[in-house]
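Subject: Structure handover

Hello,

Here is the structure I promised to pass on. My notes follow below it.

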Amino acid sequence: MSTTDAPKKPRETDDVPVPATLRKSLKNRHIQLIALGGAIGTGLFYGSSESIALAGPSILLAYLVGGLAIFAIVRALSEMSVEDPKAGAFSYYATRYWSKRAGFISGWNYWFNYILVSMVELSVVGSFVNYWFPAIPTWVSAAVFLVIICAANLLGVSKFGEFEFWFAIIKIVAVIAMIIGGLAVIIFVLPTASGVRASFANWFTVGNGFFPNGLMGQNSDGSWTGLLMALVVVMFSFGGTELIGITAGETEDPKTTIPRATNDIIWRILVFYIGALGVIMAVVPWNTIDGKSSPFVQIFDSVGIHAAAGILNFVCLTAVMSVYNSGLYANSRMLYSLAKQGNAPAYLGKLNSRGVPVAGVLTSAAITAIAVVVVFVWPEFAFNYLMSIATIAGIINWTMIMLTEMKFRKVVAAGGAPEDSELAGKSGKEALDAIHFKLPFAKVTPWVVLAFLALLVVLMCFSASYRVAVIAGVIWLAILFAAYQLTQAKR
């Protein structure tokens with residue numbers, strides 16, 4: 001038989017039936033935009049009001065410090081993802097390089113984290129729809145979007161990538177348009193609604209200057225404020241950036257794509273957080289940003305562009321859909337990985353002909369739907385506490401990533417690198433030097449990040465809602481430890 005007559009291997013796409021396996025269908029453009037979009041959400045569009053109120057213009061330093069921390073965390077995860085690209089990312093790595101217990105705790109904690117985030121995001125989607133269609137019940141909007149996103153995830157990973165690509169484009173265009181518009185106001189000295197001339201000097205001259213509340217202080221009502229307290233709110237905004245690691249097992253060329261997307265995190269934070277908020281506070285006096293509307297709406301309203309509220313409403317609607325889309329994807333892959341480790345029921349480890357863990361998608365969607373009902377019944381509880389609980393779950397997740405990276409390096413140095421890795425057969429310094437995408441200053445960086453995460457937990461204890469989250473985090477970890485011991489005893 002000639003080579004031209006030989007049967008061709010089917011292309012590994014979502015549309016061509018091949019043996020059930022995860023498909024490496026995510027292209028470079030998908031990963032770049034997934035990583036970029038992961039850093040832009042409602043936390044920036046609306047949550048930034050809270051952080052600005054806490055720290056004033058010094059919030060820019062909080063985003064810089066928090067950004068450096070999240071960059072180090074994603075670099076640590078990417079170091080492992082490039083050498084050993086697997087679905088489930090840090091849960092798989094915790095199992096492979098640490099212990100089965102660590103993999104169980106890491107995986108289920110991350111799944112729980114995204115269930116919390118997803119349920120709150122879905123519960124607010126109705127408020128954005130009601131902006132145009134006030135007669136539609138909010139639960140109907142939540143149900144419709146849950147079905148749409150669930151269907152998109154069942155179509156295959158490349159379809160998920162396309163959805164995230166276009167969601168990210170919308171968010172990016174909105175932020176860049178705001179930055180350009182704000183700079184135009186500053187450069188051409190256009191009049192503003194506040195009567196205060198737009199200038200970067202406003203960072204230092206409005207409302208007691210750059211550090212209006214200092215590092216940390218107490219208000220007359222007993223609440224704490226200042227730069228350090230703002231760090232907690234800031235870090236919640238960065239949640240989801242680690243999704244880059246989750247995608248490694250379904251990426252066409254992880255050795256090239258993952259490092260590029262990870263390294264770009266720094267300029268994303270500089271442009272989309274520090275740049276955007278810096279321009280906003282130059283145009284709109286920071287002490288007039290009260291949280292009643294988004295700072296992004298205020299900057300356009302201040303120069304007479306009143307259609308901004310409607311535009312931002314659309315952008316936030318896509319941002320919410322993006323968060324749930326990413327959450328459902330991440331949760332289904334995490335359940336798949338946990339099942340393969342023996343840390344979850346075996347049915348969650350099955351794939352359909354498109355390489356989609358259908359059971360993981362449907363199970364996560366069903367539990368999120370039940371949780372959303374709880375949010376609608378007790379909305380005050382949801383919005384006062386659930387997001388703070390999600391923050392502590394995120395801190396647990398980031399802590400596990402840094403600890404696992406240290407374990408990974410020990411295993412690699414001992415000659416235990418994956419067999420299909422270029423590190424195979426190497427040990428000691430030779431193996432560590434051969435790591436393709438190293439965490440900078442790897443002997444020191446994990447400890448610095450862990451100290452920073454510990455500081456965040458301490459700071460959370462100064463806030464009533466976050467204090468409850470810290471207690472919930474301890475209880476949640478105890479439940480995970482007990483659940484692991486129970487599953488092992490049953491076996």
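The axes of helix α4 (residues 59–83) and helix α13 (residues 265–283) come within 10 Å and cross at roughly 165°. Since angles over 145 degrees count as roughly antiparallel, that makes α4 roughly antiparallel to α13. The crossing is right-handed. On the α4 side, the contact (heavy atoms within 4.5 Å) includes Ile 59, Tyr 63, Gly 67 and Phe 71. On the α13 side, Ile 265, Ile 269, Tyr 273 and Gly 278 are among the residues involved. By class, this contact has 16 nonpolar, 2 polar and no charged residues.

This is a predicted model: local features need pLDDT of at least 70, side-chain atom pairs count only at pLDDT 80 or more, and totals for chains, interfaces and linings use all residues. Residues are numbered from 1 along each chain as its sequence is written, and side-chain values use heavy atoms, with hydrogens and water left out.

Next, helix α3 (residues 48–55). The buried ones are Ser 48, Ser 49, Ser 51, Ile 52, Leu 54 and Ala 55. Just after α3, Gly 56 takes a positive phi of about 65°. Helices here are DSSP runs (H or I, at least four residues), numbered from the N terminus.

Last, the cysteines. The count of disulfides (pairs of cysteine sulfur atoms within 2.5 Å) is 0. Cys 316 is buried, at 0% relative accessibility. Cys 461 is partly exposed, at 35%.

Best wishes

Terms used:
Buried < 20%, exposed > 50% of the residue type's maximum accessible area, 1.4 Å probe, protein only. Axes fitted to C-alpha atoms, helices over the stretch in contact; angles between N-to-C directions. Helix = DSSP H or I, 4+ residues; strand = E, 2+ residues; numbered from the N terminus. Parallel < 35°, antiparallel > 145°, perpendicular 65-115°, else oblique. Left-handed = near helix turned anticlockwise from the far one by under 90°. Nonpolar A, V, L, I, M, F, W, Y, C, P; charged D, E, K, R; others polar.
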